[in-house]
Amino acid sequence: WAQPAAQAPDAGWFHYANINVVVLGTIIERVSGQRFDRYMKAEVLTPLGMVGGYHPAVDLSDAEAQHLATLYRKSPDGGVHWNPAGPWVPQGPDRSATPPVPIERLNAYEIGSNAGVFGPQGNLRTSVRSLTRLMQMLLQRGTLDGVRVLRATTVDAMLTPQWSLAPPDRPRNGDTDNDLFQRWGLGPQLFTGQGGSPGRGDRIGAAPGGLTGAGHLGEAWGLCAGFVFDPHTHQGLIYIIGGVGASPEDHLGTRSAFYIWEEQILQALTQRALLQIGG
């Protein structure tokens, strides 16, 4: 796929993609000589005291596997048609009845060939409690409980803006998903608190400016999730929705490009938790 000249990478054009994380995972394999799933377990998850991994059949104990969630949508065909009055349809294995199975053909897998087989862009199976450990490490610039996982300069670089949406009077410089994407670092999205109009902006919470900071959003197979932290105030929030009952694109927020159910959760979290803590 070739971009128009005005949207070439060296012109600062932004377009969200998952392939960059797959490439990064493959580079990790080439440099470390380890499979991506094993590297992440040994170098990130275990040092941080996080449960789970990128290969659930191997990385989860039997007890942990029983807590795997099933994702749902009220859609019989994967989100093409919706029936809000209908039943909840599992969007993949029903984890109440089906345990995780090993990834196929790993015996023939060549390390450094394509880490996408482990889903580095979104296949981590873990808990909200474990994600709070990851967030605490980032808030503490790379350390947790005396264990250094990342250099402080690495965390700082991750949170340094690499791309920002051009002002309205300048030519468009990105595909921003209704201006949900306003700024990006080395990996994390950087939230600016812009918004206020229906279906547009990255505002988190009702107040102008909202919660700013860094993190990432997740959306797949009914899942809607967010991981956002402010390194200046040391506040953060995590939410996970395990299924939606109607077309998300038809239910955008009243003051942001978040879906209406995300917006309501974020408003409750910021007003009833973060603002009280800050006060």
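View 1. With 13 residues at 1.5 Å a residue, helix 2 should span 18 Å, and its end C-alpha atoms lie 17 Å apart, which agrees; the expected span is 1.5 Å times one less than the number of residues. The model is predicted: local features need pLDDT of at least 70, side-chain atom pairs count only at pLDDT 80 or more, and totals for chains, interfaces and linings use all residues. Residue numbers start from 1 along each chain as its sequence is written, and side-chain values use heavy atoms, with hydrogens and water left out. Helices (H or I, at least four residues) and strands (E, at least two) are DSSP runs, numbered from the N terminus. Helix 2 has a kink of about 35°, centred on alanine 42; the bend at a residue is the angle between axes fitted to the seven residues ending there and the seven starting there. Just after helix 2, glycine 49 has a positive phi of about 70°.

**View 2. The buried side of helix 2.** Phe36, Asp37, Met40, Val44, Leu45 and Leu48 of helix 2 are buried (under 20% relative accessible area; exposed is over 50% and partly exposed in between, with a 1.4 Å probe and protein chains only). The buried residues of helix 2 pack against helix 1 (19-32), helix 5 and strand 4 (143-144).

**View 3. The largest nonpolar core.** This core has 24 residues, of which Phe36, Leu48, Phe118, Met135, Leu138, Phe227 and Phe229 touch the most other members. Helix 2 (36-48), helix 5 (128-139) and strand 11 (223-230) are the elements that give two or more residues to this core. A nonpolar core is a set of buried Ala, Val, Leu, Ile, Met, Phe, Trp, Tyr and Cys residues joined through side-chain atoms within 4.5 Å. Leaving aside neighbours within four places in sequence, phenylalanine 227 is in contact (heavy atoms within 4.5 Å) with Leu131, Leu134, Met135, Leu138, Ala214, Gly215, His216, Leu237 and Ile238. Another core, of 22 residues, lies apart from it, with Ile204, Ala257, Phe258 and Leu266 among its members.

**View 4. The hairpin of strands 11 and 12.** Strand 11 and strand 12 run antiparallel and are joined by seven bridges; two strands pair if DSSP finds at least two bridges between them. Four residues separate the strands of this hairpin, and histidine 234 in the turn has a positive phi of about 60°. Phenylalanine 229 stands opposite glycine 236 in strand 12. Strand 12 (residues 235-241) is mostly covered, with five of its seven residues buried.

View 5. The structure holds ten aromatic pairs; rings of Phe, Tyr and Trp (its six-membered ring) pair if their centres lie within 6.5 Å, and planes under 30 degrees apart count as stacked, over 60 as edge-to-face and the rest as tilted. The rings of phenylalanine 14 and phenylalanine 181 have centres 5.9 Å apart and planes at 70°, so this pair is edge-to-face. Phenylalanine 14 lies in strand 1 (residues 14-15) and phenylalanine 181 in the loop between strand 7 (174-175) and strand 8 (183-184), so the pair ties together parts that are 167 residues apart in sequence. The rings of phenylalanine 181 and tryptophan 184 are also edge-to-face, because their centres are 5.3 Å apart and their planes at 90°. Phenylalanine 14 is buried at a relative accessible area of 9%, and phenylalanine 181 is buried at 11%. One aromatic cluster is formed by Phe14, Tyr16, Trp163, Phe181 and Trp184.
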